Amino acid sequence: MAPSLGAPLFSGADADLYAVGADRVLRRSRSGADTVGTAEVMRHVRAAGFPAPRVDAATDGDLTMELLRGPTLLQSILGGRTSLAGSARILVALHDALHAVPPPAPDEPAYEALTAPSFATLDAPGAGAPCVLHLDLHPANVVLTADGPAVLHWTNARLGPAGLDLAVTAVVLAEVAADEDDELAPGARVLLDAFLHLADPVLLRHLDAAARTRAADPGLDPSEVALVPAAVALVAREARRS
Ligand SMILES: Nc1ncnc2c1ncn2[C@@H]1O[C@H](COP(=O)(O)OP(=O)(O)O)[C@@H](O)[C@H]1O
Ligand SMILES: [Mg+2]
């Protein structure tokens, strides 16, 4: 453990992020998530060419990785620098690229983490070959770097059907859109519609599993979980229109 980390650069639902020198960050999970396994998943997708941060070290609870420079996609949307239609294209392209990554063989290090017990509902009979899913791919987990968009926050990643990953993203966007108290709701609705227009409609077959996955996510507080049913109804309604 680093002797003096100073104040966190960011504090999120599960993790505190600390600067390590000028170009690395240490992500410390407060829930004691399996950072060693998460690091193997990040190395696996990165070795296949997918844009995940380079991992330098992982111990129990701490993960040290490269600092990605650039705004998150959420920050870029809020700053008016990325359009909602462009954001939907980025999200769908990242899903497509991730789901094209060959899954690890059972004897590879990432396999154990990607098949570990999860709060996610991963069973989908007849859903095709399993692939690597991120299961939290939303605009605050994407950084727009000079080399293109890159994806953070790999703790939820598991093997499963691609449509489930798309469905989880749709439900996350719809949770914001369905929240009457959230000033981001109108924009989230537009982004959801653009995402549904571009994403493989197979995601609709995974809406129930996505709803159960979101409701079981330990990173959500009860008020967020309460939005899930309205979010799922919104996705189903908007998908019929698109
Ligand atoms: N490698 C990184 N480079 C740059 N920023 C990062 C990096 N990892 C995390 N962040 C920032 O910290 C925030 C939270 O990190 P994240 O891993 O998503 O955990 P959580 O959502 O639980 O807080 C991100 O939205 C991003 O702004
Ligand atoms: Mg995050």
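**Ground rules.** I number residues from 1 along each chain as its sequence is written, and chains are lettered from A and ligands numbered from 1 in the order in which they are written. In this predicted model, local features need pLDDT of at least 70, side-chain atom pairs count only at pLDDT 80 or more, and totals for chains, interfaces and linings use all residues; side-chain values use heavy atoms, with hydrogens and water left out.

**Overall fold.** I counted nine helices and nine strands in the protein chain. Helices (H or I, at least four residues) and strands (E, at least two) are DSSP runs, numbered from the N terminus. The radius of gyration is 17 Å, close to the 18 Å of the globule rule for 242 residues, so the chain is as compact as a globular protein of that length. That radius is taken over C-alpha atoms, and the rule is 2.2 Å times the number of residues to the power 0.38. I noted a C-alpha trace spanning about 55 × 40 × 35 Å along its principal axes.

Buried residues are 48% of the 242; buried means under 20% relative accessible area (1.4 Å probe, protein chains only). I then looked at contacts (heavy atoms within 4.5 Å). Among those between residues at least 6 apart in sequence, 68% join residues at least 24 apart.

I found five strands in an open sheet, ordered 1-2-3-5-4, with antiparallel pairing. Strand 1 (10-11) and strand 4 (55-59) are at the edges with a single partner strand each, so one side of each has no neighbour in the sheet. Two strands count as paired if DSSP finds at least two bridges between them.

I went through the pairs in turn. Strand 1 and strand 2 (residues 15-20) share two bridges, and S11 has D16 as its bridge partner in strand 2. Strand 2 is joined to strand 3 by six bridges, with A19 opposite V25. Their hairpin has three residues between the strands, and G21 there takes a positive phi near 65°. Strand 3 (residues 24-29) has five of its six residues buried. Five bridges link strand 3 to strand 5 (residues 62-66), where R28 is partnered by D62.

**Helix 7.** I listed the buried residues of helix 7 (residues 207-216) as L207, A209, A210, A211, T213 and R214. These residues pack against helix 5 (162-177) and helix 9 (228-241).

Notes: Buried < 20%, exposed > 50% of the residue type's maximum accessible area, 1.4 Å probe, protein only.
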